[in-house]
Amino acid sequence: MQTVIKTEGLSKTYTNTAVPVHALKDISLEFKEGEFTAIVGPSGSGKTTFLNVIGGLDKPTKGKVVIDDVDIATMKESQLFDFRLRHIGFVFQAYNLIPVLTAIENVSFIMLLQKKPKKEMEARAREMLEQVGLSDKLHERPSRLSGGQQQRVAVARALASKPDFVLADEPTANLDTKSAFNLLDIMARLNKEENITLIFSTHDQRVIDRARRVITLVDGAVDKDEHIDKD
Amino acid sequence: MTTLMIISWRNIWRNRTRTLVIITALILGIMGGVFSAAMRLAAEEQQFEDTVENMISHIQIHHPEFIANPEAQYRIPDGEAIAGDIRGQNGIASVSARLVFDGMAASANMNAGVRIKGVDSEDEARTTKLDELLEEGSYFTEEWRLPSVIIGRALAKELLVETGSRIVLTFQDIDGGIVSSSFRVEALYAVTSRRFEERTVFVKAGVLQELAGEPGAVTEIAILLDDVDRYREATDELRAEYPGLEVRHWADMDPTLHYSLELLDQLLIYLVGIIILGVSFGLLNTILMSILERVRELGVMLSIGMKRLKVFFMVVVETTMIAILGGVAGLILSFFMIRFLNHRGVHIPGGEGLEDFGFAAVLYPDLPTSFYFEIGGVVILFAILASIYPAWKAIRLAPAEAVRQE
């Protein structure tokens with residue numbers, strides 16, 4: 001399998017605090033195409049910082065993040081915007097849909113920024129919403145959807161533009177068990193069908209149980225990296 | 001682009017009450033500004049028309065000594081020929097050559113000091129519209145045995161006379177001798193200046209020239225221009241052409257009026273400026289509040305790859321949309337408000353007392369259509385300026401932090 005993301009000696013230190021905080025310490029990891037990975041660890045272990053850094057939302061203090069043979073840590077901000085738009089899908093903890101757009105408009109939004117043709121964009125958005133079981137909610141705004149439904153729209157949005165990988169920061173944290181399982185089923189299926197690399201940060205045992213690789217961070221460093229055979 | 005416009009449009013209606021409040025503030029601000037401007041223009045036009053166009057004209061020419069000593073001996077040499085030359089020049093609407101000097105008017109009961117103006121009735125009608133200012137009587141058409149005089153309404157009250165009454169005008173002829181002659185009051189004119197009404201009487205030039213002892217004598221040439229805005233250039237040209245004569249424009253002759261109009265202009269600029277600034281800050285506050293309320297959403301937009309320039313543009317479009325809504329509604333309402341007030345007139349409280357100083361008690365506000373477009377443009381310009389700070393705040397957000405904001 002092809003390596004999608006490679007980090008080398010990744011460190012991140014926050015110096016804008018009273019005492020410097022070493023959020024990431026010398027992390028070197030590789031993520032292969034189609035992997036379903038959970039980043040776990042206690043609060044403050046650096047899960048979110050790790051996702052932010054490999055997602056190009058934050059810059060490392062030291063080290064490399066190589067995606068498609070390019071070290072994104074050296075990219076300018078404007079290049080990073082473009083890179084995120086074309087290569088990465090994001091799912092956030094608090095759904096974070098654009099409230100004034102309908103479900104189908106939210107899913108189309110990234111493709112719109114990518115300047116995809118309108119017909120192709122609409123067809124793909126419909127297809128993704130069907131895949132997450134929301135074909136009857138295409139024109140509903142987020143305020144009229146449940147938490148679970150909103151998070152499914154967020155997943156459809158993240159996957160619609162066929163990114164190289166999807167970063168999900170505690171996607172099930174605000175969901176009840178039924179919605180969480182439903183969402184995980186959908187993500188597992190899409191991971192297989194679309195061969196999209198999924199990387200989660202999570203505390204949620206339900207997510208951890210589904211993952212085929214679990215990386216445990218403690219105090220910003222990799223404590224364990226386990227590959228779990230599900231077959 | 002279209003989706004950004006749709007997002008902007010929907011965003012402004014997320015908090016309907018707040019948007020409606022700021023739109024109402026915009027409407028009221030614009031109506032206030034338009035009303036002030038229309039009243040200022042009406043006051044200026046009324047004062048200008050009454051004082052300058054009906055009384056002193058745009059430019060006057062005299063003998064240099066005449067200003068201090070308005071006597072018949074200070075005549076303009078070849079006055080009628082000079083008036084004829086000026087009449088033929090480009091940019092001149094009309095010229096009235098007059099024989100003017102001070103004298104006394106006496107009725108059977110009272111007398112008063114007056115300025116006697118001997119005029120050509122047609123030239124005077126073209127220059128000061130004296131024929132249109134008559135409140136009663138006719139304009140130099142009566143064929144009485146006594147020559148006609150047209151006096152002000154206020155002077156008629158003072159002398160206790162009416163149309164048809166006989167009055168005696170006494171003055172010095174060109175040799176300094178005292179001349180008295182009877183006239184019959186043919187008409188009473190009315191202007192907003194009580195002082196002018198009390199002080200100025202009109203007779204036919206030929207009659208006065210004969211009485212003064214010199215046919216064709218001229219002491220004053222009053223000039224009305226096609227374009228009043230050219231008054232300074234036209235005055236300079238006439239000064240160069242007639243270096244031996246005193247050429248003055250209306251602002252020289254009535255500096256008080258000139259400064260009061262300038263003051264009104266300045267006050268209007270300050271007033272409209274304050275209104276627009278106030279409304280702009282209200283708009284800035286509204287948009288800033290709206291930005292601070294959706295930090296997380298903006299963080300998501302920036303995270304997924306929406307460029308900062310597009311976010312900036314979205315905020316500017318939102319503000320501009322509010323400005324356009326409030327601006328268009330404000331201008332339409334202002335247009336109908338001015339139409340209504342122009343028809344009905346605006347009564348100035350205590351205005352009757354100001355008539356002595358040339359101010360009308362009732363003003364009829366009006367504005368050229370171009371003004372509405374200009375003020376609309378200014379409102380949109382200030383809205384765009386007001387959106388810069390909130391838009392800057394929006395694009396300064398760090399996406400990773402913004403998406404986690406509660």
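The following legends describe close-up views of a predicted model.

**View 1. Confidence along chain A of the predicted model.** Chain A has a mean pLDDT of 88, and 99% of its residues reach 70 or more. Within chain A, confidence is highest in strand β9 (residues 213-218), with a mean of 94, and lowest in helix α6 (residues 177-193), with a mean of 84.

**View 2. The contact between chain B and chain A.** On one side, 16 residues of chain B take part; on the other, 17 residues of chain A are in contact with them. Three helices of chain B, α1 (2-12), α11 (295-303) and α15 (399-402), each supply at least two residues of the side that touches chain A. By residue type, this side of chain B comprises 7 nonpolar, 4 polar and 5 charged residues.

**View 3. The packing of helices α2 and α12 in chain B.** Helix α2 (residues 16-56) of chain B packs against helix α12 (residues 308-344) of chain B with the axes 8 Å apart and at an angle of about 40 degrees. The two helices are therefore oblique to each other. Their crossing is right-handed.

**View 4. Residues at the contact of α2(B) with α12(B).**

Key. Residues are numbered from 1 along each chain as its sequence is written. Chains are lettered from A and ligands numbered from 1 in the order in which they are written. This is a predicted model: local features need pLDDT of at least 70, side-chain atom pairs count only at pLDDT 80 or more; totals for chains, interfaces and linings use all residues. Two residues are in contact if their C-beta atoms, placed from the backbone, lie within 7 Å. Helices (H or I, at least four residues) and strands (E, at least two) are DSSP runs, numbered from the N terminus. Ala, Val, Leu, Ile, Met, Phe, Trp, Tyr, Cys and Pro count as nonpolar, Asp, Glu, Lys and Arg as charged, and the others, Gly among them, as polar. Axes are lines fitted to C-alpha atoms, for helices over the stretch in contact, and angles run from 0 to 180 degrees between N-to-C directions. Angles under 35 degrees count as roughly parallel, over 145 as roughly antiparallel, 65 to 115 as roughly perpendicular and the rest as oblique. A crossing is left-handed if the near helix is turned anticlockwise from the far one by less than a right angle, and right-handed if clockwise. pLDDT is the predictor's confidence in each residue, from 0 to 100.
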